[in-house]
Amino acid sequence: MFGKKKDIPQIDKDQLELIKNAQKRIKQKKRLYVHFVIFLIGSVFLILFNLGLGFGESFKPLDTNWFVFAILFWLFLFLYHTFNVFITHKFMGKDWEQHQLNKLVAKQNERIEKLKQTLPSDDTLLKKKAIPNTSNLTIIVAAAENDAIGKHNKLIWHISDDLKRFKNLTSGHHIIMGRKTFESFPKPLPNRTHVVITRQTDYKVPQGVILVNSLDAAIEASKSDNQPYIIGGGEIYKQAILVANKIELTRIHESFPADTFFPKIDTSIWKESNTVFHKKDEKNEFDFTFLTYIRK
Ligand SMILES: NC(=O)c1ccc[n+]([C@@H]2O[C@H](COP(=O)([O-])OP(=O)(O)OC[C@H]3O[C@@H](n4cnc5c(N)ncnc54)[C@H](OP(=O)(O)O)[C@@H]3O)[C@@H](O)[C@H]2O)c1
């Protein structure tokens, strides 16, 4: 009972693989042989059907009995089977499969490595999480019917009521603008905190003006204000419309040639919440409408 364990003969993995392969080849060849026998018997039957029993006697494509075509077609299938067993097997066998698999795995690994390189690092992800709150961010803009907002770094029209509205809304608040819009003012506007966005590192601004290098940084710099405004121009509007929650638009009912435009307001994203129409008069050279849009 407690004697020595009997030695069980061990077959190593390679041997097992060889045996399995040999069994598989035997099966393949047996199947080919059976196919050959069925082909011979089947051919005799086809001849008997056609010539002996007269089945489809009148059907003679190219003036030849149909059994000839049937047998030729079958012969072709048999030759294809033979080709698979003796030829295809040689270059599409196990080694070939393994080689293809290795190639596929190498390609996938290469793609994973490339994807890893494009993924943001943990640091960047942490920074992204710190995106400033934009829930009160409002865009204020005057745009023509064709969305024109400026030409040669100047406004195109003079609408006195629009300037008054701009002053009333923005006074006491942070106004975020691109460097070009800032340069379009003769001097900083009174009673407002200017936040100027530029990529230049040595750009000089008067005291009190906050200089930043991105829209995110501008929003961050305005976080003490519960109602910061984006006041333009075209480049900054394009970026801000993706994050702002409100648009105070003055729509001038006229079209103008221009070099700067406001982006199209997508009504699947923005809901019109207020609209007040004004006719032109001696202080306002065109008809216009004050419109408020809220992000849906
Ligand atoms: N109708 C209106 O309501 C209204 C309002 C405002 C302005 N406007 C008009 O709009 C025109 C000016 O607009 P604009 O598009 O030419 O210029 P802009 O938007 O005022 O300023 C563009 C500049 O902002 C900086 N900038 C933009 N994106 C940045 C980013 N992501 N990071 C860092 N800096 C960035 C760059 O400054 P640097 O080149 O220094 O790097 C860029 O050249 C003028 O005609 C003006 O009169 C119209």
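## Transmembrane spans

Residues 66-87 form a span that is 100% helix and 0% strand, with end C-alpha atoms 31 Å apart; helices here are DSSP runs of H or I with at least four residues, strands are runs of E with at least two, and both are numbered from the N terminus. This is a predicted model, in which local features need pLDDT of at least 70 and side-chain atom pairs count only at pLDDT 80 or more, while totals for chains, interfaces and linings use all residues. Residues are numbered from 1 along each chain as its sequence is written.

An unreviewed UniProt entry lists residues 32-54 and 66-87 under "transmembrane region", an annotation that may be inferred rather than shown by experiment. Over residues 32-54 the chain is 91% helix and 0% strand, and the end C-alpha atoms are 31 Å apart.

An automatic or database domain assignment divides the chain into domain 1 (13-118) and domain 2 (129-295), whose C-alpha centres are 73 Å apart.

Lys114 sits in helix H3 (residues 94-118) and counts as exposed because it has 10 C-beta neighbours inside 10 Å, the cut-off for exposed being 12 or fewer other C-beta atoms within 10 Å, with C-beta atoms placed from the backbone. Its C-alpha atom is separated by 42 Å from that of Tyr293, 179 residues apart along the chain.

## Ligand shell

Of the 28 residues around the ligand, those that come nearest are Gly150, Gly178, Gly232, Gly233 and Gly234, a residue being counted if its C-beta atom, placed from the backbone, lies within 6 Å. Elements supplying at least two shell residues each include strand S3 (174-178), helix H6 (179-184) and helix H8 (234-240).

Terms used
A residue is buried if 20 or more other C-beta atoms lie within 10 Å of its own, exposed if 12 or fewer, and partly exposed in between; C-beta atoms are placed from the backbone.
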